[in-house]
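Have the viewer open as you go through it.

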Amino acid sequence: MNEVSTPPPRAGGSEDRRSALSVSPHPNPPPQSGGGRRRLLLLAPLGAAAAAGAGFYAMLRGLGTGSYDPRGVPSALIGKPPPDFALPPLDGAERPPLSAADLRAPGRPVLVNFFASWCVPCVIEHPQLMRLSREGVPLLGIAYKDKPEDSLGFLRRHGNPFAKLGVDQPGRVAIDWGLYGVPETYLIDKAGIIRWRWAGPITEDTMSAELQPLLRRYA
Amino acid sequence: MIPELGHFALILALALSLVQAAVGLFGAQRAEARLMAAAPPLATGVLLATLAAFACLAWSYVVNDTTVANVVQNSHSAKPLLYKLSGTWGNHEGSMLLWVLILALCGGAVAAFGSNLPSALQSRVLAVLGLIAAAFLGFILATSNPFERMWPPPMDGQGLNPILQDPGLAFHPPLLYLGYVGFAVTYAFAVAALIEGRVDAAWGRWVRPWALAAWSFLTLGIALGSWWAYYELGWGGYWFWDPVENASLLPWLAGTALLHSAIVVEKREALKTWTVFLALLAFGMSLLGTFLVRSGVLTSVHAFANDPARGVVILCLLAVFIGGGFLLFAWRAASMVPAGVFVPLSREGALVLNNLLLCSIAAVVLVGTLYPMFADLLLSEKISVGPPFFNTATLPLAAPLIGAMAVGPMLPWKRARLAPALLRLWWVALAALAAFLLCLALEGWRLGPALGFAAALWLMAGAAADIAERLALFSRPRAAWGRAKGLPRAAWGAALGHAGLGVTVLGLAGMGLATDRLAALKPGEAVTLSSYEFRLESVRDVQGPNWTARRATLAVTRGGRPVTVLEPDRRSFPVARMTTTEAAIHTTWLSDLYVVLGEERDGAAILRLHHNPLAPWIWLGAAVMALGGGLSLSDRRTRVAAPAARLAAKAARA
């Protein structure tokens with residue numbers, strides 16, 4: 001008498017064949033013939049675990065080098081023009097207000113950056129924005145869910161890299177853009193099409209690995 | 001001084017657990033009685049040392065010792081005492097320490113109550129537990145030392161994430177860990193059995209209570225987490241198929257299969273390979289969850305501070321324990337010969353079906369959870385697998401499972417016929433059909449909820465039918481009371497567990513009928529939602545211990561009669577610069593009225609109103625399931641783990 005109890009598949013795979021095997025166990029299997037297949041089935045969990053382990057290792061390696069990033073959220077807007085909007089200016093910043101018209105065929109690639117004074121990563125990314133602005137990249141800012149006086153204080157303290165500034169205090173425009181959080185940056189090419197979205201602060205690495213090549217490509 | 005003592009205690013625990021592993025494995029292999037006898041006291045020593053370390057960390061939190069980096073990052077002097085304490089395990093380092101403490105507790109329990117086990121089995125189990133403890137203690141000491149000092153000390157800590165400051169969440173992690181770590185014990189038993197190459201009824205009798213205890217705690221832990229998500233996150237949902245939720249569901253599914261499978265080993269000495277595999281799987285899934293949450297390979301609301309370097313270490317631990325376990329399994333499991341006949345249509349056959357279905361559900365959940373990560377890795381494609389996939393893929397598997405849950409207990413062991421079992425369930429089927437039709441009549445053509453109510457009735461009445469059958473309630477009603485007193489508690493526990501799932505399904509079906517609406521109200525205005533009228537009275541500022549809030553007051557009436565007053569909050573935590581919503585919930589036996597306060601604009605408050613029929617039953621059902629587990633645990637047969645005479649005979653033969 002032999003029991004035919006087979007380990008189930010760990011991650012899908014040839015589920016049907018194995019289930020069929022175990023659902024209808026033969027009460028009297030010949031002692032030897034099933035041996036090889038049974039041994040193979042007993043090895044299956046090890047194989048599945050090893051494959052998953054190799055994948056996890058690759059993910060961890062990728063996390064280190066930046067090739068795997070679970071936070072890199074894609075945007076539905078990539079390849080499309082930005083949604084229509086018009087925002088009031090930031091009083092006291094002496095910059096013109098921002099609206100969708102400014103992004104329609106701007107003639108050269110521009111960056112749209114959502115920021116807020118209450119956001120700590122925004123402070124981290126600010127020096128990079130200042131550098132971009134010094135290099136002549138047009139930066140358009142949207143102050144997200146922030147009191148105008150706080151935004152103004154933030155820009156006075158850390159410098160103002162933005163050529164135009166809109167205030168999105170209720171966060172409505174951010175919803176249309178599908179904002180994931182602040183800071184978040186969009187690259188719009190000279191024809192007015194969104195090409196790139198970066199959720200999170202722009203660091204030195206982001207600049208050299210992603211942004212600079214993109215700016216060159218769409219220039 | 002105290003943190004250094006804690007650090008030292010951790011190192012001591014590591015040394016002791018290494019010795020425990022070595023002595024246990026070596027002693028059992030060489031059959032050296034004196035070495036084997038050393039394993040239990042060593043396990044007690046590990047427990048004491050880990051307890052001391054944990055107490056030191058808790059003390060640092062309670063006195064808000066700002067020279068300890070971990071306290072600075074996760075605590076604040078303005079926090080209530082309960083959250084200072086729960087802050088101990090509300091972060092990566094502290095939660096790892098709690099994890100090891102619970103593991104040491106399990107080891108201590110095996111040492112204290114395992115004297116009736118064959119000594120070779122006991123020392124091998126203790127050795128494996130010692131190995132796991134040593135690995136995790138080494139991990140804590142090398143990469144996440146909770147006692148790291150910080151100099152100069154800052155004025156105060158940075159505060160605990162405000163969403164975690166909640167009584168439900170204070171106890172959610174310890175319960176979950178009790179579940180996860182409980183499966184470490186069944187894992188240790190499985191590995192010991194594989195080394196010995198023998199699984200017998202006594203083994204099954206020892207594994208089942210541990211599986212049962214771990215399963216009960218895990219059930220409670222998951223339910224508490226789901227309940228917390230329901231009332232704290234303010235989305236009005238109870239389960240989001242979030243990767244981290246799935247990570248806790250996977251060991252639960254494997255554990256559910258395990259505790260049923262262990263019954264077959266105990267009663268029939270069959271399904272040995274299955275049971276050993278499930279024991280390895282349950283702990284493997286627990287470790288996988290640990291890896292997913294702490295390594296940073298996925299994003300989730302639950303994810304701890306991520307560090308790929310830490311992830312590599314956890315992955316190595318996974319490779320050792322899961323890989324090692326499955327390697328042993330591939331090598332030794334073939335030698336496990338079942339005793340007795342095996343016929344598909346029997347109680348044990350039904351339990352094989354149960355294992356298959358539960359494992360298929362686990363496979364679906366696992367694939368859905370890991371697929372986006374692997375698609376990103378291999379295909380560079382960003383996709384997210386959401387509730388639609390999980391619902392459509394698990395329901396066809398859950399339906400036959402629920403169907404079989406009432407039939408299975410009616411089947412006798414060894415050899416059964418389906419017709420008599422089904423005949424005895426005729427009134428259960430009638431009850432389910434009545435629930436189905438009643439729901440359709442009252443709520444219109446809503447097939448999902450109607451089927452849910454039918455499933456709930458089928459499970460609850462099925463459990464009642466099981467008990468009635470055992471008591472011979474219908475055939476010999478006079479003797480029923482006498483038989484009820486004699487019926488083992490395990491039978492009551494099993495019925496209660498099945499009925500508990502029925503109660504949960506009832507809640508889920510009710511939630512299928514939930515309604516909600518979004519309204520912008522100025523004070524004095526009102527809206528109606530499913531015959532309740534919500535009138536906004538006022539919105540005002542409130543000051544809490546470490547937060548300030550806007551609080552809305554709503555008077556709820558139904559047909560002119562007052563029902564309740566609801567006061568949802570939107571709290572701001574200045575230290576953490578975060579806002580949380582505190583939903584106001586009015587719970588009755590029949591439904592929840594649930595209100596969340598959103599932003600305010602132009603003098604109007606945005607309010608989200610939910611009417612959730614039968615919602616409380618979802619979590620009540622989980623409590624009933626856990627109660628069933630506890631009742632089954634208190635059975636005399638599981639407490640007296642195995643008859644001494646039989647064990648002595650086994651030991652003599654070995």
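In chain B, helix 7 (residues 167-196) and helix 10 (residues 272-295) have axes that come within 8 Å and cross at roughly 140 degrees. Helices here are DSSP runs of H or I with at least four residues, strands are E runs of at least two, and both are numbered from the N terminus. This is a predicted model, where local features need pLDDT of at least 70, side-chain atom pairs count only at pLDDT 80 or more, and totals for chains, interfaces and linings use all residues. Residues are numbered from 1 along each chain as its sequence is written, while chains are lettered from A and ligands numbered from 1 in the order in which they are written.

**Helix 7 against helix 10, chain B**
- Axes are lines fitted to C-alpha atoms, for helices over the stretch in contact, with angles from 0 to 180 degrees between N-to-C directions.
- Helix 7 of chain B passes helix 10 of chain B in a left-handed crossing (the near helix is turned anticlockwise from the far one by less than a right angle).
- Helix 7 of chain B brings residues including Tyr180(B), Phe183(B) and Tyr187(B) to the contact, and helix 10 of chain B brings Val276(B), Leu280(B) and Phe283(B), among others (contact means C-beta atoms, placed from the backbone, within 7 Å).

**Helix 18, chain B**
- Helix 18 (residues 489-511) of chain B has 23 residues and spans 33 Å from first C-alpha to last, close to the 33 Å expected at 1.5 Å a residue (1.5 Å times one less than the number of residues).
- Since 21 of its 23 residues are buried, helix 18 of chain B is largely enclosed by the rest of the structure (buried means 20 or more other C-beta atoms within 10 Å of the residue's own, exposed 12 or fewer, partly exposed in between, with C-beta atoms placed from the backbone).

**Positive phi outside glycine**
- Ala105(A) has phi near 45 degrees, and sits in the loop between helix 2 (35-65) and strand 1 (110-115) of chain A.
- With 12 C-beta neighbours inside 10 Å, Ala105(A) counts as exposed.
- Leu614(B) has a positive phi of about 60 degrees, in the loop between strand 10 (604-613) and helix 19 (616-633) of chain B.
- Leu614(B) counts as buried, with 25 C-beta neighbours inside 10 Å.

**Chain A overall**
- Chain A has six helices and five strands.
- Of its 219 residues, 34% count as buried.

Note on methods. Two residues are in contact if their C-beta atoms, placed from the backbone, lie within 7 Å.
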